[in-house]
Amino acid sequence: MLDFFTIFSKGGLVLWCFQGVSDSCTGPVNALIRSVLLQERGGNNSFTHEALTLKYKLDNQFELVFVVGFQKILTLTYVDKLIDDVHRLFRDKYRTEIQQQSALSLLNGTFDFQNDFLRLLREAEESSKIRAPTTMKKFEDSEKAKKPVRSMIETRGEKPKEKAKNSKKTKGAKKEGSDGPLAIGKAVSAEKSGLSVGPENAVELSKEELIRRKREEFIQKHGRGMEKSKSVKADAPKEKGKKAPRVWALGGCANKEVLDYSTPTTNGAPEVAPPEDINLIRGTGPGGQLQDLDCSSSDDEGVTQNSTKPSATKGTLGGMFGMLKGLVGSKSLSREDMESVLDKMRDHLIAKNVAADIAVQLCESVASKLEGKVMGTFSTVTSTVKQALQESLVQILQPQRRVDMLRDIMDAQRHQRPYVVTFCGVNGVGKSTNLAKISFWLLENGFSVLIAACDTFRAGAVEQLRTHTRRLSALHPPENHGGRTMVYLFEKGYGKDAAGIAMEAIAFARNQGFDVVLVDTAGRMQDNAPLMTALAKLITVNTPDLVLFVGEALVGNEAVDQLVKFNRALADHSMAQTPRLIDGIVLTKFDTIDDKVGAAISMTYITSKPIVFVGTGQTYCDLRSLNAKAVVAALMKA
């Protein structure tokens, strides 16, 4: 039933291994190490790799990892018990060899654990069989079977008992209030109809009939006055409509031709730039070199100046980590020791804009990493947990793959083809603005850029890119580059197929010798199936080198929902066997959040993709690269 069970140290030495099938366990275990252990994602003790499910347990006291693998389609209820039993027996049996904590002693040690493991496996399988299977509930045991058949039969015209009771109550309430206006109305209507109200005539009017008669009486009394008032109101607008428009002394008039100040332009033709300050648009700083992100706020200076002064209240010492200051030297940590600190840590992360689910998983990962670990003599629980969380966050912000656009563009140049980047995201996050910033960064590094206007849905999208192209051309005119056009806008207007425009733009860039093609797409919500299908079609047909998701730093839980559904939609609507997903993230509006930088953690954790660029302002130079340590420092600041 089991494919393999292996025990290895965190240093990479395999101490013992059980192989249930002929296939090697190296690939799945290496995938577990790369994707979970090294990426600090140990909150869940289960990992799926292709057709296998891997469950693991960490022993932080002796730096060991226990991993069991079995087929994903199987439901083995005894795996958790088995891994706990193996962990307990192996640790107790070889405690002296493991406690030496040296690689040479582990290599020279003999771990003959085969018979013990087979015995534990057999006991675990038998214990799962002993459990009585859950039987389905019979009809005789249900509440419905206890009721007689006559109580469940309803004839037409009869009301159920509960409704009958309620109707009796309501009738009783009506009888109590029979002296009100309703009874008076009945008596009046009966008298007008020529019938005497009394028990012998039994005149009873329904509520609908009473309302109808009252309405007729009201219309008869007030109908003539209402008609007169309507006629007066109807004549009033006609008198206002006869008023002639005012003619001003200076001769102004509201003519549409005079009010239309726009000049017709042809697609792709450059416009004449109006007089504007190019330096204000460009911004300050080196445009060709990305600076590291600085997360320090203006409040930090005041904090450092007043750090030597004693605090007025006891609760502010150490911020959220000002609790549990007692020393616990030479003690192994347990869940109970870390529970209160982890609760405060989780609340702190959520307050810093980390998604709630991600905050819970991070705290679980830290707890599983520290559980059973022996602390130093002068260490506190708070400092140990805080340090472990900082290391985990830095590791999360440095994912497996690093995107180096300049290196990839030069590699595409050697193959004589343009490097294609597609921007996608929800509405209003700043895709076009940050596309212009990245265009300026590429121009400063000497690469020519073709901007493909594939947002054929939003009004003004093409005009916005045309304005950016005009300003970038003013910053990098062809005269400074030997007559070569460095930036060009490829657009076909509105209402066209975005995938077709992108394909034509890539072919045009290949023929004209452009180095980079930046494809701007329409903003779309993650739940809009038709637009997500169109985006998947654009990516599948044109196969860009880089797909960047543009998200804003203001969101919390919404960031996780957007990224998960974008990736899921790209996978579902893609026609390729191996669908193309998001390759990187552009985080915008980072200058508006102060130290609430949790969106960066949420986006990177949920996708395992790097944050390639960070937008920090409105000028072309306001583009930064992510500094993981600065983001973590801002996140941990109380």
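Both Phe-549 and Phe-566 are buried, where buried means under 20% relative accessible area, exposed over 50% and partly exposed in between (1.4 Å probe, protein chains only). This is a predicted model, with local features needing pLDDT of at least 70 and side-chain atom pairs counting only at pLDDT 80 or more, while totals for chains, interfaces and linings use all residues. Residues are numbered from 1 along each chain as its sequence is written, and side-chain values use heavy atoms, leaving out hydrogens and water.

Now for the rings. Searching the whole structure turns up 16 aromatic pairs; Phe, Tyr and Trp rings (the six-membered one for Trp) pair if their centres lie within 6.5 Å, and planes under 30 degrees apart count as stacked, over 60 as edge-to-face and the rest as tilted. Here are two of them.

| Pair | Centre to centre | Angle of planes | Class |
|---|---|---|---|
| Phe-18 and Phe-117 | 4.8 Å | 45° | tilted |
| Phe-549 and Phe-566 | 5.2 Å | 70° | edge-to-face |

On to the cysteines. The disulfide count is zero, taking a disulfide as a pair of cysteine sulfur atoms within 2.5 Å. Cys-424 is buried at 0% relative accessible area, and Cys-621 is buried at 7%.
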